[in-house]
Amino acid sequence: DLSCRIIERAQAEGTLRTDITAEDLAFIVWAHTRVSEATHAIDPRVWRRYLAWTPDGFRAGAAPPLPVPPLRPRRVLRAQLRLGRHRSW
């Protein structure tokens, strides 16, 4: 899968944290989607502010270890299905 290859390449280069997974990125996208949904009618540009912070958390280097392991693909799917059932719009 392309996203996994991109992640692996960035981790091999030393630019991306070694503990980031494709599943982590899916949750980040969902989080940004929710911010965009919540703020679009108020200020359709504000999502850019929160998106700008995201790369800092992905950078390798002095990043502290993450407190818990990532969800694996099957559990991500369960979360997606749960999110789909609880959408308010």
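The model is a predicted one, and the values below are computed from it.

**Helix α1**

Helix α1 covers residues 2-13, and its end C-alpha atoms are 17 Å apart. That agrees with the 16 Å that its 12 residues should span at 1.5 Å a residue. The buried residues in α1 are Ile7, Ala10 and Gln11. Because these residues cover an arc of only 100° around the axis, they are on the same side of α1. The other side of α1 carries the exposed residues Leu2, Arg5, Glu8, Arg9 and Ala12. The packing partner of the buried residues of α1 is helix α2, residues 22-39.

**Nonpolar core**

The largest nonpolar core has 5 residues in all: Ile7, Ala10, Leu16, Ile20 and Phe58. Two of the buried residues of α1, Ile7 and Ala10, therefore belong to a set of buried nonpolar residues joined through side-chain atoms within 4.5 Å. In soluble globular proteins, nonpolar side chains tend to be buried together. Apart from neighbours within four places in sequence, Phe58 is in contact with Thr15, Leu16, Arg17, Ile20, Leu25 and Ile28. Among these contacts, Leu16 and Ile20 are also members of the core.

**Helix α2**

Helix α2 has 18 residues and reaches 26 Å from its first C-alpha to its last, close to the 26 Å expected at 1.5 Å a residue. Its buried residues are Glu23, Trp30, His32 and Thr39. These pack against α3 and against α4, the helix of residues 73-85.

**Aromatic pairs**

A pair of aromatic rings is described by the distance of the centres and the angle of the planes. The count of aromatic pairs comes to 2, and both are listed here.

| Pair | Centre to centre | Angle between planes | Geometry |
|---|---|---|---|
| Phe27 and Trp30 | 4.5 Å | 80° | edge-to-face |
| Tyr50 and Trp53 | 5.2 Å | 75° | edge-to-face |

Phe27 and Trp30 both lie in α2, 3 residues apart, about one turn of the helix. Tyr50 and Trp53 are likewise separated by about one helical turn, being 3 residues apart in helix α3, residues 47-58. In the α2 pair, Phe27 is partly exposed at a relative accessible area of 30%, whereas Trp30 is among the buried residues of its helix.

Threonine 54 lies in helix α3. Its relative accessible area is 15%, so threonine 54 counts as buried, the limit being under 20%. Not counting residues up to four places away in sequence, threonine 54 touches Ile28 and His32. With histidine 32 there is also a polar contact of 2.7 Å between the side chains. Histidine 32 is one of the buried residues of α2, and the buried residues of α2 pack against α3. Ile28 is in turn one of the residues in contact with Phe58.

**Loop between α3 and α4**

Proline 69 is placed in the loop between α3 and α4. This residue is exposed, with a relative accessible area of 67%. Proline 69 and alanine 22 are 47 residues apart in sequence, and their C-alpha atoms are 13 Å apart in space.

Key:
Residues numbered from 1 in each chain as written. Predicted model: local features only at pLDDT ≥ 70, side-chain atom pairs only at ≥ 80, totals over all residues. Heavy atoms only, no water. Buried < 20%, exposed > 50% of the residue type's maximum accessible area, 1.4 Å probe, protein only. Contact = heavy atoms within 4.5 Å. Helix = DSSP H or I, 4+ residues; strand = E, 2+ residues; numbered from the N terminus. Expected span 1.5 Å × (residues − 1). Arc of directions from axis to C-beta. Phe/Tyr/Trp six-rings, centres within 6.5 Å; stacked < 30°, edge-to-face > 60°. Polar contact = N/O pair within 3.5 Å; in protein donor to acceptor, adjacent residues only side chain to side chain.
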